Amino acid sequence: MKNNPYKNKTLFYPGHTACAGCGQNLTARHIINTLGPNTIVVNATGCLEVTTTKYGESAWGVPYIHSLFENPAAVASGILAAMKFKFKILNLKFKMPNIVVFAGDGATFDIGFGLLSGMFERGDNILYVCFDNEGYQNTGAQASGSSPLGTDTTTTPHGKKSIGALQTKKNMVAFAVSQGAVYVATSTAAYPKDIEAKTIEALKYNGPKYIQILVPCVPGWGIESNKTVEVARLAATTGFYPILEIIEGKITKVLKTSAQKPGIEEYLKLQKRYEHLFENANGKKVIAQLQSICDQNIAAYGLCPTCEEHEVLMQYREINK
Amino acid sequence: MKQILEGSQAIALTVNLCRPEVVSAYPITPQTHIVEDLAKMDADGKSDFEFVRAESEFSAASIVLGASAAGSRVYTATSSQGLLLMTEVVYNIAGLGLPVVMTCANRAIGAPINIWNDQQDAYSVRDSGWIMLFAKNFQEAVDLHILAYKIAESVSLPVIVNVDGFIITHTMEEVDIPNEKLIKRFLLEIKRENILDVKNPKTFGSLVTPSDYQEMRLELHEKIKNQKSKIKHEMGKFKNIFGRKLDIVSEYKTKDADTVFVITGAIYGTVMEAVNSLRKKGKKVGAVHLGMLRPFPDEDILKALANKKKIIVLNRAISLGAEGILTTEIKKALYGKCKAKIQGEIIGLGGRDVTVEEIVGLVK
């Protein structure tokens with residue numbers, strides 16, 4: 001870009017076409033600005049790609065490649081192999097760039113799952129960031145392997161015989177840990193400082209790194225565009241979306257819930273995708289189940305303010321047996 | 001140097017001499033020996049490429065896509081179901097204009113599952129935007145790989161080198177593996193671009209809306225069509241350096257022939273035998289090998305077949321519900337320009353042995 005007014009200010013330019021209040025693009029900006037200019041972005045098909053790369057325009061101040069929906073992990077491995085060759089064999093002198101994958105939960109939990117597993121297994125030095133908005137929001141809010149129990153989506157609509165999505169969210173964090181990812185962390189769009197700190201921390205480790213961030217989707221979740229941060233915060237403070245850092249398989253940090261932690265209804269009632277749960281007895285049962293998921297997370301990851309650290313680790317090991 | 005080698009070994013040795021920087025592949029019969037040989041060269045320190053193990057063909061193709069975008073010379077090989085699995089990436093590589101070179105060890109497609117040779121795999125990706133070459137014999141299986149790197153990297157398009165599974169990959173024959181210095185000389189002038197340079201950030205793989213998509217696809221279409229003369233030019237340079245002639249269309253005893261067989265791939269050898277046998281019986285027959293399916297060499301095919309009475313197209317792949325795919329291709333090239341009767345035949349599917357007698361019997 002000639003006469004770039006944003007030069008040295010940001011690597012993620014304004015003017016992209018994301019919705020007002022988009023949790024994903026907000027989070028992507030914080031990450032890319034933390035990673036800095038010596039970074040190559042590999043993006044899966046999805047809202048981030050669609051809203052930032054319309055032909056003739058680009059929101060990216062770093063090299064960016066989009067190939068397909070399911071393959072960013074493998075494309076990133078290929079870029080890394082090319083860099084290794086330049087470095088080792090050709091003896092070119094340069095600072096190895098950070099290679100970062102940006103992919104949604106559809107690309108990560110579902111269609112690109114096998115390819116992500118391959119990247120983990122190869123031990124490739126890549127930071128994989130999953131922007132988790134719990135469904136195929138780009139195509140109109142269909143359910144993915146990340147959609148929580150009871151979510152009303154366009155492919156798991158609620159109705160006389162259905163309360164919405166029947167599955168529970170796939171535990172990708174445990175999967176990443178089990179596959180040997182050296183650095184695994186979660187966060188939500190409400191905590192940019194946490195995201196920045198985790199991005200910096202992740203870069204200290206050589207090997208595959210996985211950060212999963214809950215990013216509210218205004219149209220897909222049916223929230224007000226000024227509620228993104230509030231919803232993302234409630235996801236964490238209720239214990240529904242535990243905020244963790246796991247280094248080399250050990251939990252090193254968790255975000256504690258407060259003594260007066262909000263109940264899950266506080267989180268659900270702000271979102272149209274859960275509206276139906278408040279309408280009848282079956283829905284109330286699902287709300288109780290979702291509350292019990294929060295309680296289990298709080299116990300399992302030691303999120304309550306009084307939990308001891310060693311207790312957390314013991315419980316985590318139990319889960320992962 | 002002339003050596004007696006297995007086809008796969010000859011291909012692997014040649015690919016290594018082309019000095020790829022990143023190799024990634026997933027095993028599938030009959031491609032396996034090629035990638036096993038490359039892995040062994042890597043293990044023995046006889047190569048310097050990064051060998052990246054992939055968990056699927058889809059991944060292997062994506063890995064070489066990424067490496068190619070970062071400016072590396074890359075290689076992958078596959079076959080049959082593997083090529084179909086990576087089809088989405090195959091289209092993507094072409095759309096992005098990345099100079100990937102891939103070997104397809106041609107094999108049948110299931111169901112019913114069958115690991116033996118025909119060309120249904122390659123013909124199934126003929127519309128994807130790759131330059132598609134077919135080896136008619138052992139030596140071409142070697143030579144076309146060297147040519148493929150030259151073409152791919154000088155015009156920024158991917159190239160598939162098709163070699164018939166088992167017929168070439170698993171048999172042994174005398175073959176010349178060119179000297180590395182000559183290969184280097186042939187490939188020397190190419191400069192590969194790293195489009196992911198952090199000093200010059202670019203956005204690659206953009207979303208293209210209806211206002212530009214059609215133009216971009218047509219541009220790619222024209223670009224591929226316009227490579228015919230460039231490819232011939234490179235074949236000429238190849239002859240100057242290596243002393244061997246490569247042809248987009250090869251002809252055998254066609255000059256005075258009234259009936260001509262047309263085929264892609266290594267069964268051409270058997271077809272030439274059949275021509276000799278028919279000639280002994282006084283029949284004026286000849287044979288044509290089509291060495292390049294995309295871009296389709298309409299003029300060359302027309303030149304070879306224009307004044308013939310009968311053309312017998314030998315198909316190793318079918319457009320199910322229509323006809324042999326090569327038959328359609330030949331009809332298209334000759335439409336309105338040639339009065340020959342075109343007889344489409346489907347032969348040698350799923351490894352069925354094609355004999356001289358069978359081919360002789362097709363001339364009625």
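How much area do chain A and chain B bury between them, and what percentage of it is on carbon and sulfur atoms? I started my notebook there, keeping in mind that this is a predicted model.

**Entry 1: chain A against chain B**

I found about 3100 Å² buried between chain A and chain B, with 62% of it on carbon and sulfur atoms. Looking at who touches whom, I listed 41 residues of chain A in contact with 38 residues of chain B. Next I went through the charged pairs and noted 3 salt bridges between the two chains. One of the pairs I looked up joins B:Glu50 to A:Lys88 in a salt bridge, at 3.5 Å from N to O.

I then asked which elements of chain A supply at least two residues each to the side facing chain B. They are strand S1 (39-43), helix H2 (47-52), strand S2 (64-66), helix H3 (72-88) and helix H5 (113-122). H3(A) gives the largest share of that side, 12 residues.

**Entry 2: the two domains of chain B**

Moving inside chain B, I have domain 1 at 2-241 and domain 2 at 249-362. Their C-alpha centres are 26 Å apart. I see 25 residues of domain 1 of chain B in contact with 28 residues of domain 2 of chain B. The pair buries about 2200 Å², 56% of it on carbon and sulfur atoms. On the domain 1 side, B:Tyr123, B:Lys136 and B:Lys228 lose the most area to domain 2, together 32% of what that side buries.

I counted 5 salt bridges across this domain interface, and 16 residue pairs in polar contact. Helix H6 (120-124), strand S6 (131-134), helix H9 (213-225) and H10 of chain B each bring at least two residues to the domain 1 side. S6(B) gives the most, with 4 residues.

I also looked up B:Arg126 and B:Glu329, which form a salt bridge with their closest N and O atoms 2.7 Å apart.

**Entry 3: helix H12 of chain B**

Which residues of H12 (298-305) of chain B are buried? I get B:Asp300, B:Ile301, B:Ala304 and B:Leu305. Down the axis of H12(B) these buried residues fall within an arc of 115°, so they line one face of the helix. A handy reminder for myself: an α-helix has 3.6 residues a turn, so residues three or four places apart point the same way. On the other side of H12(B), B:Glu299 and B:Lys303 are exposed.

Finally I checked what covers the buried residues of H12(B), and the cover includes helix H10 (228-242), strand S10 (249-252), strand S14 (310-315) and helix H13 (325-334) of chain B.

Technical notes:
Residues numbered from 1 in each chain as written. Chains lettered and ligands numbered in written order. Predicted model: local features only at pLDDT ≥ 70, side-chain atom pairs only at ≥ 80, totals over all residues. Heavy atoms only, no water. Buried < 20%, exposed > 50% of the residue type's maximum accessible area, 1.4 Å probe, protein only. Arc of directions from axis to C-beta. Contact = heavy atoms within 4.5 Å. Domains from an automatic or database assignment. Buried area = accessible area lost by both parts, 1.4 Å probe. Salt bridge = Lys/Arg side-chain N within 4 Å of Asp/Glu carboxyl O. Polar contact = N/O pair within 3.5 Å; in protein donor to acceptor, adjacent residues only side chain to side chain.
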